[in-house]
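Okay, thanks for coming, everyone. Let me put the structure up, and then I'll walk you through a few spots in it.

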Amino acid sequence: MDLANKLFKGDRVIWIIFMFLCLISVVEVFSATSTIAYKNANYWAPIVRHASFLLGGFVLILLIHNIPIRFFSVLILLLPVSMVLLLITPFIGVRTNDAHRWLEILGIQFQPSEIAKLACIVFVAFMLSRRGKFTEKQIFTYILVGVGLTCVLILPENFSTAIMLFAVCCLMMFIGQLPFKNLAMLAGVLALGLGLFILTLTITPREYLSVIPRAATWKERISDFKSKEKRLDAATYEINDDNYQVSHAKIAIARGGLFGQMPGHGQQRDFLPQAYSDFIYAIIIEELGIIGGVFVLLLYIMLLVRVGMIARKCDKLFPKFLVLGCGLLLVVQALANMAVAVNLIPVTGQPMPLVSRGGTSTVISCIYFGVILSVSRFGAHMGNEEDEPEITETGDETLKELPEDGENPPMVALETQTELA
């Protein structure tokens, strides 16, 4: 128990949420990667890879949650670095699923957009904590320029990530109480621009969209979501290339029922593309039932609530906004993944943080947890109780524990002699 207290510092509730998410991830990813395991000579290879990333992320958390929060402001330097990486990715990046989202350096593949997300959260938190040095208008402008440019660079290859990141940063500005007039005008302009963009995609013929990367894919996803279901007659449901993913996700959810089919007994993992990533929530419901799906949802809701409690206890602005940004990004991304699985929003390609199979996303999600735990420890002073000398009460007097050799320390001996006199 003493070892656990020394090893796992910070808020204990965050640690518990992290452990539960890792446990669910290992079980469900092992089940959902059946199609990948079938293609490998070693069927343990997919889960070993995922477990390795989780283990590496766990080690990162142990390291990061021991770093004082004042050092996290250095991560702002990642913002220009991530911009440069995002600029070169479309030209030299690795193409996967019709998108250049990956870079490979020295044999290591990673997503620059994940680094950009972390950099933007730190940048917004840092600027919101500098009210004494900058005016509110300057802070709003700097955030808009820095985050806006980053999201513009992410948008061509990963539209949903750009929108989600910008929305989280706007939420941070709203919580930071920047002028509501500016935020309302920004929201109006964005809503108008998004509406015009969707309208343009809808009415533009497919052959003219080839000049814009992934514009045709966006058009298909919007059209599929608008059409919802295509029926041949009242009793027949047509599954085609357009609604294949959504249809099998619905089948997985329907098969789950209340208690599920139990881990390893799901069927749709063999038919559903990206069952271990984008549609992991549908597999969770199929195998763990509605109860399991609600439990996973509650874990993220508890994470957001706990992050809010940590932020309230912070006495400085930078850790307050930093922990809120990390929590919001994790929870908003998880909710987006769940909403796609249950067909509430169009397919976005957002993985579920810490649960979906991934490399860069898993490691970055662990970094968010490490930052949250560090803030809870050094900013909110939660779960950081230091070992104090034992106190032994004898009657009305309180004596400190004596040394092992049984001799009184000089001050104690002096006090004892004075009392005897």
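Before anything else, a word on terms: when I say buried, I mean under 20% relative accessible area, and exposed means over 50%, with partly exposed in between. And please keep in mind that this is a predicted model.

So, take asparagine 337, which sits in helix H13. Is asparagine 337 buried or exposed? Its relative accessibility is 0%, so it counts as buried. What does it touch, leaving aside neighbours within four places in sequence? The contacts of asparagine 337 are Ser277, Asp278, Ile280 and Tyr281, then Gln350, Pro351 and Met352, plus Ser356.

Now let's zoom out. The chain has 421 residues, and 45% of them count as buried. It has 15 helices and seven strands. If you take contacts with a separation of 6 or more, 69% of them join residues 24 or more positions apart. As for the surface, the chain exposes about 22,100 Å², and 66% of that comes from carbon and sulfur atoms.

Rolling a probe the size of a water molecule over the atoms shows where empty space is left. Here, there are two cavities of 30 Å³ or more. Which helices each supply at least two residues of its lining? Those are H6, residues 112–128, H13, residues 317–341, and H14, residues 360–379. H14 gives the largest share, four residues. The lining includes Glu114, Lys117, Gln333 and Tyr368. By type, the lining residues of this cavity split into five nonpolar, three polar and two charged.

On to cysteine 151, over in helix H7, residues 136–154. Cysteine 151 has a relative accessible area of 6%, so it is buried too. Not counting residues up to four places away in sequence, cysteine 151 touches Ala162, Leu165 and Phe166. And how far is its C-alpha atom from that of cysteine 120? The two C-alpha atoms are separated by 9.4 Å, with the cysteines 31 residues apart along the chain.

Last stop, helix H4, a quick geometry check. H4 runs over residues 45–64, and at 1.5 Å a residue its 20 residues should span 28 Å; the end C-alpha atoms are 28 Å apart, so that agrees. Several H4 residues are buried, among them Pro46, His50, Leu54 and Gly57.

That's my tour, thanks.

Key
Residues are numbered from 1 along each chain as its sequence is written. This is a predicted model: local features need pLDDT of at least 70, side-chain atom pairs count only at pLDDT 80 or more; totals for chains, interfaces and linings use all residues. Side-chain values use heavy atoms; hydrogens and water are left out. On a 1 Å grid over the protein atoms alone, a cavity is a set of points where a 1.4 Å probe fits but cannot get out, and a pocket is an open set with protein on both sides within 12 Å along at least five of seven lines; lining residues have an atom within 4 Å of a point. Grid points are joined across faces, edges and corners, and a volume is the space filled by probe spheres set on the points. Ala, Val, Leu, Ile, Met, Phe, Trp, Tyr, Cys and Pro count as nonpolar, Asp, Glu, Lys and Arg as charged, and the others, Gly among them, as polar. Buried means under 20% relative accessible area, exposed over 50%, partly exposed in between (1.4 Å probe, protein chains only). Contact means heavy atoms within 4.5 Å. Accessible areas come from the Shrake-Rupley method with a 1.4 Å probe; for residues, only the protein chains shown count as cover. The expected span of a helix is 1.5 Å times one less than its number of residues.
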